[in-house]
Amino acid sequence: MPASLSGEFINRRHQISYQIAKMVAKVASRVEILAKSGLSEIPAEYIRPESERLDLGDAFETAKKGAEDQLGPQLPVVDLQALESGDEAARRVCVEELRRAASEWGVMHITNHGIKPELVERLRKVGKEFFDLPVEEKERYANDQASGKIQGYGSKLANNASGQLEWQDYFFHLIFPEEKIDVSIWPKQPEDYIEVTAEFGKQLRVVVTKLLEALSEGLGLEKGTLDSELGGTKDLLLQMKINYYPVCPQPDLALGVEAHTDISALSFILHNMVPGLQVFYDGKWVTAECIPDALIVHVGDSLEILSNGRYKSVLHRGLVNKEKVRISWAVFCEPPKETILLRPLEELLADGTPPNFPPRTFEQHIQHKLFKKNNPEAATPPANATN
């Protein structure tokens, strides 16, 4: 073999070997693989700092304890039926319930939201069927965060000095507006994944509109104010992240999702009726109940900023357990990154109230949070980590 060809062949072989090694490493890094390997102890990079482990535990045991403690606080439940009942008095009551929940808790269950139960069940079904596929099949949809390809199948990358990881795999992609989505990167199996998920995105956008209208009214604003300030139907993005939390042999040491507030305006959570979500309220962690046919709604940073802190971005986290896989569908309502300035609305400052937040674009807010995360001295205390 000529020297030039030999060198080219060796170089190509090295490239192929590198790609194979990269793929093997990626597959090996999936939490699903770890969970199915029969390990009795989780790797060190998944173990939370001792300060976080004081109140961790199995999600089922924690939920059971919360159910037995009838005197403990529970997430508010708001029935949205009155918003479209035609009864103005009933609507005002519902608006006040939403305002109170968003102000005092920053999170709530909503019922009678308008999304058809059959569609919700189909969404659960296609999401589970995707994660039931062999890991090698799911890897066809793998993202590549290093190159900026964030949509797709992935696992949490270490983004802090300690290298801590979360006990979850996920699939992340945009589901609304329709003209902005790229179904070519959506799963082709199961066959009805695209149809079901796209329809869910459309129906959820209707719910988003209703909630933002009511929350605008709760601030004494015109109905369309918040939706318009966040980009409206054309530019407000609905990003879905399907979180897959395998069973964990040491749930008292790990977290499915570390404590954080969402950067979004609103976040919607649907789950497979396996407990795990906790919110920080009145100085302690409260485990969310599993309520059939309800959606959980979080207030995020963007809405807190627009409301000048009247609505609270809630600190929350996800527990894991030894018994059952938990799957949750989180949809984040995010304004465009550069074209809208997030700042307290002028109408809320008209009485001389000072602004509690500086003006930032959504991208600047993301960078602000990353800076605080990677520089602990710049971070605010966990219970107040809202912007």
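Biologist: What is the strand order in the open sheet of eight strands?
Modeller: This is a predicted model, to be clear. The order is S1-S2-S10-S7-S12-S5-S4-S3, and the pairing is mixed.

Biologist: Which strands are at the edges?
Modeller: Strand S1 (77-79) and strand S3 (152-155). Each of them pairs on one side only.

Biologist: And what does the twist average from one strand to the next?
Modeller: It averages 25°.

Biologist: Let's zoom in. Do S4 and S5 run parallel or antiparallel, and how many bridges join them?
Modeller: Antiparallel, with seven bridges. S4 covers residues 169-176 and S5 covers residues 237-245.

Biologist: Which residue in S5 stands opposite phenylalanine 171?
Modeller: Isoleucine 242.

Biologist: What about H7, which strands does it touch?
Modeller: H7 packs on the sheet too, touching strand S2 (107-111), S4, S5, S7, strand S10 (295-299) and S12. The direction of H7 makes about 70° with that of S4.

Biologist: At what angle do H5 and H7 pack, and how far apart are their axes?
Modeller: The angle is about 135°, and the axes are 9 Å apart. H5 is residues 117-131, and H7 is residues 193-218.

Biologist: Why are they called oblique to each other?
Modeller: Angles over 145 degrees count as roughly antiparallel, and 65 to 115 as roughly perpendicular. The angle here is about 135°, so H5 and H7 are oblique.

Biologist: Is the crossing left-handed or right-handed?
Modeller: The H5 and H7 crossing is left-handed.

Biologist: Which residues make the contact?
Modeller: From H5, Leu119, Arg122, Leu123 and Val126. From H7, Tyr193, Glu195, Val196, Thr197, Glu199, Phe200 and Gln203.

Biologist: How many of those are nonpolar, polar and charged?
Modeller: The H5 contact with H7 has six nonpolar residues, two polar and three charged.

Biologist: Switching topic. What is the order in the open sheet of four strands?
Modeller: S6-S11-S8-S9, with antiparallel pairing. The edges are strand S6 (257-260) and strand S9 (284-287). The twist in this sheet averages 25° from one strand to the next.

Biologist: Over how many bridges do S8 and S11 pair?
Modeller: Three, in the antiparallel sense. S8 is residues 277-281 and S11 is residues 316-318.

Biologist: Last one: which residue in S11 is the bridge partner of leucine 277?
Modeller: Glycine 318.

Notes: Residues are numbered from 1 along each chain as its sequence is written. This is a predicted model: local features need pLDDT of at least 70, side-chain atom pairs count only at pLDDT 80 or more; totals for chains, interfaces and linings use all residues. Side-chain values use heavy atoms; hydrogens and water are left out. Axes are lines fitted to C-alpha atoms, for helices over the stretch in contact, and angles run from 0 to 180 degrees between N-to-C directions. Helices (H or I, at least four residues) and strands (E, at least two) are DSSP runs, numbered from the N terminus. Angles under 35 degrees count as roughly parallel, over 145 as roughly antiparallel, 65 to 115 as roughly perpendicular and the rest as oblique. A crossing is left-handed if the near helix is turned anticlockwise from the far one by less than a right angle, and right-handed if clockwise. Contact means heavy atoms within 4.5 Å. Ala, Val, Leu, Ile, Met, Phe, Trp, Tyr, Cys and Pro count as nonpolar, Asp, Glu, Lys and Arg as charged, and the others, Gly among them, as polar. Two strands pair if DSSP finds at least two bridges between them.
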